[in-house]
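Work through the exercises below with the coordinates open. Each task is followed by a stepwise solution.

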Amino acid sequence: MPLSDKDVAHAARLARLALGDEERRLYRDQLERILGYIAKLNELDTAGVPPTSHVVPMANVWREDDPAPAFDTEKILSNAPERDGAYFKVPKVIE
Amino acid sequence: MSVTWTARNIADHVRAKKLSAQAVLQSFLERQEKWEPKIQSFLVRTRDQALVQARQIDERVTRGEPVGPLAGVPIAIKDNMCVQGLKTTCASKILESFVAPYDATVIRRLREADAVLVGKTNMDEFAMGSSTENSAFQTTRNPWNTDCIPGGSSGGSAAAVAARLAAAALGSDTGGSIRQPAACCGVVGLKPTYGLVSRYGLVAFASSLDQIGPFTWNVGDAALILQVIAGHDPLDSTSVDRPVPHYTNALTGSVKGLRIGLPDEYFVKGLDPEVERAVLESVRVFESLGATVQKISLPHTEYAVAVYYILAPSEASANLARYDGVRYGHRSGNAKNLLEQYELSRQEGFGSEVKRRIMLGTYALSAGYYDAYYLKAQKVRTLIQRDFDSAFKQVDVILTPTAPTPAFRLGEKSGDPLQMYLSDIFTISCNMAGLPGLSMPCGFSSAGLPIGLQLMGRPFEEETVLNAAHSYEQATSWVREPTLS
């Protein structure tokens, strides 16, 4: 299935990747080829086959809602690229 | 001691006061000094912390206090597992400065067992790759031939164990990332059953497939380390709450009556003739030991790579959404607003294979394509799983080659993503079905490169797989040390 530049640009926006023009073209060609290979799945009739999302036969895993110490704020913030007191700082969201 | 000692041997001697943990560590450190510049298996080495750990173990032994089953064993850790206070980079620029604020559960268990952590190993960025060439930082070389890849994505861990720069290592396996490098480097690599080992503190790649496991010098050591890291963890809701068997006791060395299946679909065009010969020779060994061998069919094998390259990138695109430059990791200095900060930080921080997979996964999950790709792949995953269910009604273990060829040359496949993906053709199905899979050496190519055979078992039947592997290992002599020069 041919991929358009628009398809690739749309996926890049959804994925929050600022791809360059050359990269976009490269990925378009490579994804087209990979998806072409993946199209072999259409040889199989999967009507009535349930999907597998997970192989372990477990459903909801519950635990008691017991209070326990959480990570220290300083520890959490120690990797922050930019902070303001106990907050992560980001550029302006609304102009 | 010699650095070719097993982890078992080292721990026994340390516990019996016949050898100090510090002396053991010193031998490995000396070897690292000599060969690491050539192999490049570590992203960071933790000499000073390791020396402290080894000294503390020795002090406890001297005082007559009990020490753990891995007392004094130098272990290397793939750099996608959190070790408190150390960088955890996933070999990615986006995490280049990330310092883990806590220990992964497997690390806590290794420490409790008195293993000595000697460093973090190189890998394909975010565990995406089959050659470790996708590392943002360095190229790891195969100790058997430094012009060849060590395999991937846990190539640093495999190379470190093969070159005896560590007595054992941990890796992670999403589609073959423990077993394929183990095969390339001539060591034992075990991917346990999905759910057996906690993933708390493992950087997530594809959550329905990822599993942590050991690289070791021999099968007994794989059992020993699995014993330490296996078991339920309340911090990982996908870890299964069931009793952990005694893996080392399961190594009886007898395979009399064991039923081994050879799937037709794994002995096909594209399989290197030397690999085929070595693997079929191993089948004769198993027969001579009293196992029965029969042909089986896993008819959906040829679809496994296609299923994988929908499911794994889709899950990865969601898991890697967290790298946005807000709370940790690389933040672009060029952004004018928040959206640009996300897009530029990710664009600058991720390497090309990671971006390719994020793009593929995002596309497959995007509106209008979900049913055609993701849902279809999940359904075929069910068919692959059913193949194994019916095969395991006839046989106890399945024997295959681990990889279609021995280690290929550095650069040989790095320009062609699809060719690289196909090097995992024999290891992916095992993850699809969540089975335990082990790779071990079964011979050498005429060029002197190791060849690996893979044994797969029923879910949670690591004992059967390990015992079969151990029996074969006892009857053969493929555990060898590469000649480094």
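**Exercise 1.** With which residue of chain A does B:Glu302 form a salt bridge, and how far apart are the closest N and O atoms?

*Solution.* The model is predicted: local features need pLDDT of at least 70, side-chain atom pairs count only at pLDDT 80 or more, and totals for chains, interfaces and linings use all residues. Residues are numbered from 1 along each chain as its sequence is written, chains are lettered from A and ligands numbered from 1 in the order written, and side-chain values use heavy atoms, leaving out hydrogens and water.

Step 1. Apply the criterion: a side-chain nitrogen of Lys or Arg within 4 Å of a carboxyl oxygen of Asp or Glu.
Step 2. The partner is A:Lys40, with the closest N and O atoms 3.1 Å apart.
Step 3. Count the salt bridges between chain B and chain A: there are 5.

**Exercise 2.** Describe the contact between chain B and chain A.

*Solution.*
Step 1. Contact (heavy atoms within 4.5 Å) takes in 69 residues of chain B and 52 residues of chain A.
Step 2. The buried area is about 5500 Å², and carbon and sulfur atoms give 66% of that. This is accessible area (1.4 Å probe) lost on putting the two parts together, summed over both.

**Exercise 3.** Which handedness does the β-α-β unit of S7(B), H8(B) and S8(B) have?

*Solution.*
Step 1. Take the DSSP runs: helices are H or I of at least four residues, strands E of at least two.
Step 2. Strands S7 (residues 259–263) and S8 (residues 292–296) of chain B pair in the parallel sense over 5 bridges; pairing requires at least two.
Step 3. Check one bridge: B:Leu262 partners B:Lys295.
Step 4. With helix H8 (residues 273–288) of chain B, the unit is right-handed: with the strands pointing away from the viewer, the path from the first strand over the helix to the second runs clockwise.
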